[in-house]
Protein chains: 2
Amino acid sequence: MATPAVLVDVGRLDRNLHAMAASTARRGLALRPHVKTHKSIEIARCQLRQGAAGISVATLGEAETFAEAGLGEIFVAYPLWIDQERAPRLRALAGQVRLTAGVDSLASVHQLAAAVRRHAKLEVPVRVLVEVDCGLRRSGVAPADAGRVAVAAARAGLAVDGVFTFPGHSYAPGMPARAAADEAAALADAADSLAAAGLPCPVRSGGSTPSAAQAAGPGDGGPVTELRPGVYAYNDAQQVILGSCTLDEVALSVLATVVSTPAPDRFVLDAGAKVLGYDRPAWVPGHGLLPAFPEATVTGLWEHHAVAVTGAGPRPAVGDRVVVVPNHVCTVVNLVDELHVVRDGQVVERWPVDARGRNS
Amino acid sequence: MATPAVLVDVGRLDRNLHAMAASTARRGLALRPHVKTHKSIEIARCQLRQGAAGISVATLGEAETFAEAGLGEIFVAYPLWIDQERAPRLRALAGQVRLTAGVDSLASVHQLAAAVRRHAKLEVPVRVLVEVDCGLRRSGVAPADAGRVAVAAARAGLAVDGVFTFPGHSYAPGMPARAAADEAAALADAADSLAAAGLPCPVRSGGSTPSAAQAAGPGDGGPVTELRPGVYAYNDAQQVILGSCTLDEVALSVLATVVSTPAPDRFVLDAGAKVLGYDRPAWVPGHGLLPAFPEATVTGLWEHHAVAVTGAGPRPAVGDRVVVVPNHVCTVVNLVDELHVVRDGQVVERWPVDARGRNS
């Protein structure tokens, strides 16, 4: 196997999938995993076999990949803008699967409704969830405005199932609990806003991997009805640092070769940003973790070089192979065409990254 | 065309290629452009037609893509470690093209020589350039050690053509001139080191886009004989900020759609990190430039969202299309399978990214 190569430990993957399925089921939460993390038909099917209610995707392109593979329940968790190019694709998808679209503005509601209306033969209606912001300050309306958008969607003939939010401010040390509380408050307020407008709100969807364990679902008397975590399938260095998992629960890694040892305290790996990604929030100490060299830090990253300093630990030799746990697994998966699947220490299979690059 | 889409302005691309070809020729410098930027057979051929001496690549996989397309002169500008998997590939390449490999250690020299020796029928020898560090502190030996590595390579039967360095510390405001001076000093010292060992050093290869204009070549009585810039073909926000080019000389951009305007001073684009890349050195003010909204800053980036704040300028509406100049073009090109080629404002063609993902 040539390096850099992306390895998946299928035993760890299975355990991660089971753990989240069990944790959400125990709390009465539906699980609708975000498949942008793995982009893999094989893994999505596994999530569904373990009880997932459907899948979440970020783009129509991802939805198309999974719909073609026969997955029938897809939520595009994104504030969709259905322009001329996307309208026929949306209609085709809506005829193929039970499709739910995210909206966060009156303009996007009207575009979506117009796209659906232009297709007389459409038998399966497009369902919508209104996106609300719970503190990330990315997309989504204020929870109190959710009713206004939902009413517009209902009047335009769309089936409104409820609301969704992404508590992405969970991605910082000490923040997961607060983000989960913000998520619960925003979803409750948004449901109230729909109720005030005379609309039910059966789906109150939240979830990120760092905040998932603290999401307030039915089992805890909370308002959240479903979660959409993605990263938990593989985990990564960010999740280790945030405390969402241990290093032994990381199921994806990058195998690299030491290509240079230019100084006594420095070594260079052939896994650069074109496989590891440049993702590095300020609270992450380097460009990935090196489990076999815990005192080393990857201080520099270029397209095809990772430079590590040894700290007080040893330095590998030129030609040695070193495992890197990447900071953000979603980026890594999207950079490669195939994954080397490892079981009991042996590469047993290769999996394609089915939806790689499906950005639009 | 669905957004996000990567657009190439072919008029600007042509001008950029011509300008670098003319600038290097005028100064007596050979040009061996690094094709990891564009990964495009079409553009590499254009560079050769305009007088490039060959191409530089980062990996054997990139070399294979371009060799299969008939390009005959390839330098793998990387400290190669020729393991069991790579040895047959290297031999195949060496039988197909005039191949030059980078080395920066005795171990890598011995591996390379062993890989070549195991193939009795090899008619075209593998040539080598010794990598020296000129201040980036990435890979490369100290210039004074170049002779030692070169002697080992010559004794092992490899043809030593000279030395190379990458003045990548040019990537910071105010640094291009200093990096060019460091490059010249390191290449001169390295050539002296080879001379002291009785070896000629006809190739003294340097070059990065920010430092290229200040490289000290024959025309200026300097030691540099060739340059390997890559980014200049397209340019990007980093080059604009460093002063290597103007905004009008950026030939690649990302077309995005405004999908949300959640606050009066904020808008959200559908071009996220999976097309723009997370690359953002501390001296770059945002995640890409917005030429039509010069007062706006892209303050936040997620996989499928770019969040911009308007500053004192206007805010586009949901559904508007906005052009983003990405921070680092090499990352963008490697994230997509095809480019939309624009001439005189019209999309006239699509080009594949031939070597996308060829990381190993």
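**Exercise 1. Two domains in chain A**

Find how far apart the C-alpha centres of domain 1 and domain 2 of chain A lie in this predicted model, and work out what each domain brings to the contact.

*Solution.* Start with the bounds: domain 1 of chain A covers 10-232, and domain 2 covers 247-352. Next, take the C-alpha centres of these two domains, which are 33 Å apart. Now count the contact, taking residues as touching when their C-beta atoms lie within 7 Å. Domain 1 of chain A supplies 16 residues and domain 2 of chain A supplies 12. On the domain 1 side, helix α1 (residues 10-26) of chain A gives the largest share, five residues. Finally, sort that side of domain 1 by class: six residues are nonpolar, six polar and four charged.

**Exercise 2. The sheet of chain A**

Trace the order of the strands in the open sheet of chain A, and decide which strands stand at its edges.

*Solution.* For a look at one pair, go to β5 (residues 98-103) and β6 (residues 127-131) of chain A, which run parallel and are joined by four bridges. Here you can find Gly102(A) opposite Leu129(A) of β6(A).

**Exercise 3. Where the chains meet**

Describe the side of chain B that touches chain A: how many residues take part, and which element gives the largest share?

*Solution.* Begin with the count: 51 residues of chain B are in contact with 51 residues of chain A. Then list the elements of chain B that give two or more residues to this side: β4 (73-79), α5 (106-117), β10 (252-263), α9 (273-276) and α10 (329-335). Of the residues on this side, five come from β10(B), the largest share. By class, the side of chain B splits into 21 nonpolar, 19 polar and 11 charged residues.

**Exercise 4. The symmetry of the pair**

Work out what relation superposes chain B on chain A, and which residue of chain B comes closest to the rotation axis.

*Solution.* Superpose chain B on chain A: this takes a rotation of 180 degrees with 0.0 Å of shift along the axis, at an RMSD of 0.0 Å. That is the relation of a two-fold axis. Now look along the axis for chain B: Tyr278(B) comes closest, with its C-alpha at 2.7 Å.

Key: Residues numbered from 1 in each chain as written. Chains lettered and ligands numbered in written order. Predicted model: local features only at pLDDT ≥ 70, side-chain atom pairs only at ≥ 80, totals over all residues. Pairing = 2+ DSSP bridges. Nonpolar A, V, L, I, M, F, W, Y, C, P; charged D, E, K, R; others polar. Domains from an automatic or database assignment. Least-squares fit on C-alpha atoms with pLDDT ≥ 70 in both.
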